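Trainee: Could we go through this model together, beginning with the ligand and then moving on to the backbone?

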Amino acid sequence: MLDANKIEFFEKVETPFYFYDMDLLRRTVWTVSQLSAKYGIEAHYAVKANVERRILEYISSMGLGADCVSGNEVRFASVCGFAPEKIVFAGVGKSDREIADALKLGIYSFNCESLQEIYVIDAMAERLGKRARISVRINPDIDAHTHVYITTGTYENKFGISAHEFDELISLVGRCRNIDFTGLHFHIGSQITDVENVFSLECERVNAIVSYFESRGLKVDDVNLGGGLGVDYEDPDGNPVADFDKWFGIVAEKIDRRPGRRIHLEPGRSIVAQCASLISRVLFVKVGETKNFLVLDAGMNDLMRPALYGAYHKIENLSARLRPNLPQSQIYDVVGPVCESSDVWGAGRLLPLSVRGDLMAVRSAGAYGQVMASRYNLRDFAPAVYSDDMHGARLRTEYFER
Ligand SMILES: *Cc1c(COP(=O)(O)O)cnc(C)c1O
């Protein structure tokens, strides 16, 4: 909740900035670590969703592992306290240097996405005198019923290997002398809201694929189901913590388990999305021919999701809350300052009467927000501001001196 205390604090900070509610982050991560223990499922935070150092350090301190998709993410996760044996490394295009660095660090596993990648890792491990643990990402051909750009598990997508390569995979793993095959990896998409149906179907497919490999002599000790749990972008205050219990519960109930098998999940968005808002101010109220515009000082370079995927984010006028009883009675197109027609926060939004200088919040901005920021139009990066610094001596002066 962005309450009156926080709004009073925001008044003192130069906009735009990302505001992180660390109490909500702690509540969310605590929920995940409790469920991990309850169900015996290992959680790896998908680092690409948010790489702010304080956030990574907190998540690592709570015992979660890290799921990385680039060499720099692997290195930074390690710097932020994730032990190498809790780091997994996925991605369709790992460079030779990224593979070599991860081998030297001794990560838990490479999640390989093609047969050729397995050859290359085997050869590099031999050259470096290392052994590589690998899991193989399988494309289970499941439609996650989410946006096409964040669907990753159908045969239309570039990720993972498909059924026609399974037998070749088995013989390849038999021939490679510097790799230890540990299991299978899946990740079918993101912002999945039909949790019951989609994840149940995923579990069924995974069980069938795992038993196919085991019946042909390949031991599948690690079963990694990836991430994808959706969050409530419409009502972030009503549902601040995603339904991890449902997700973990379905997986625990449906996945075939035998002694020695380890189950892994990789939540990204669901851990960090709700803990941040992008705070900005209304620069101008523009009365157009057919509509009225609110021009904010935050733009698509700060948070790309609306321009990139047409994603919905709730927008609130925080200053209007402090004016008595203003109804949500105006319709605005809320836009950013960047010179692109796609720089729109929301078209036709119902908001209270808004004026120049009002503080605005774009909610649920913690995942795939700050990590995708650019300096397009040579704009400054919006910095991170943490709720833990709101009071007293820990207030960092650089927030005020940008
Ligand atoms: C992006 C990604 C995730 C995290 O997905 P969310 O939808 O953010 O939970 C997990 N695993 C892999 C391999 C990914 O690429």
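This is a predicted model: local features need pLDDT of at least 70, side-chain atom pairs count only at pLDDT 80 or more; totals for chains, interfaces and linings use all residues.

Trainee: Okay, how many residues surround the ligand, and which are the closest?

Mentor: There are 14 residues around the ligand, and the closest are K48, S190, E266, R269 and Y368. Sorted by class, this shell has five charged, six polar and three nonpolar residues.

Trainee: And where does the ligand sit?

Mentor: The ligand is placed in the largest pocket.

Trainee: Which polar backbone atoms lie 2.9 Å from an oxygen atom of the ligand?

Mentor: One belongs to G228, which has a polar backbone atom 2.9 Å from a ligand oxygen, and a polar backbone atom of G268 is likewise 2.9 Å from an oxygen atom of the ligand. On the side-chain part, an N or O atom of D67 lies 3.1 Å from a nitrogen atom of the ligand. The protein covers 95% of the 380 Å² of accessible area that the ligand has on its own.

Trainee: Switching topic, is E113 buried or exposed?

Mentor: E113 counts as buried because its relative accessible area is 3%, which is under the 20% cut-off. E113 belongs to the loop between β5 (109-112) and α6 (115-128).

Trainee: What does the side chain of E113 make a polar contact with?

Mentor: The side chain of E113 contacts the side chain of R137 at 3.0 Å, and the E113 side chain also reaches the backbone nitrogen of G160, at 3.0 Å.

Trainee: Now the backbone: which peptide bond is cis?

Mentor: The bond from T15 to P16 is cis, with omega near -5°, and P16 is located in the loop between α1 (4-10) and β1 (17-20). As background, most peptide bonds are trans, and most residues other than glycine have a negative phi.

Trainee: What is the phi of Q191, then?

Mentor: Q191 is not a glycine, yet its phi is positive, at about 55°. Q191 lies in the loop between β7 (179-185) and α8 (195-215), and Q191 counts as buried because its relative accessibility is 15%.

Trainee: What about S364, where is that one?

Mentor: S364 lies in the loop between β15 (359-362) and β16 (384-386). Its phi is near 55°, again a positive value in a residue other than glycine, and S364 is buried, with a relative accessible area of 1%.

Conventions. Residues are numbered from 1 along each chain as its sequence is written. Side-chain values use heavy atoms; hydrogens and water are left out. A residue is near a molecule or strand if one of its heavy atoms lies within 4 Å of it. A polar contact is a pair of N or O atoms within 3.5 Å; within protein, one must be able to donate a hydrogen and the other to accept it, and residues adjacent in sequence count only if both atoms are side-chain atoms. Accessible areas come from the Shrake-Rupley method with a 1.4 Å probe; for residues, only the protein chains shown count as cover. On a 1 Å grid over the protein atoms alone, a cavity is a set of points where a 1.4 Å probe fits but cannot get out, and a pocket is an open set with protein on both sides within 12 Å along at least five of seven lines; lining residues have an atom within 4 Å of a point. A molecule sits in a cavity or pocket if more than half of its atoms lie within 2 Å of its grid points. Ala, Val, Leu, Ile, Met, Phe, Trp, Tyr, Cys and Pro count as nonpolar, Asp, Glu, Lys and Arg as charged, and the others, Gly among them, as polar. Helices (H or I, at least four residues) and strands (E, at least two) are DSSP runs, numbered from the N terminus. Buried means under 20% relative accessible area, exposed over 50%, partly exposed in between (1.4 Å probe, protein chains only).
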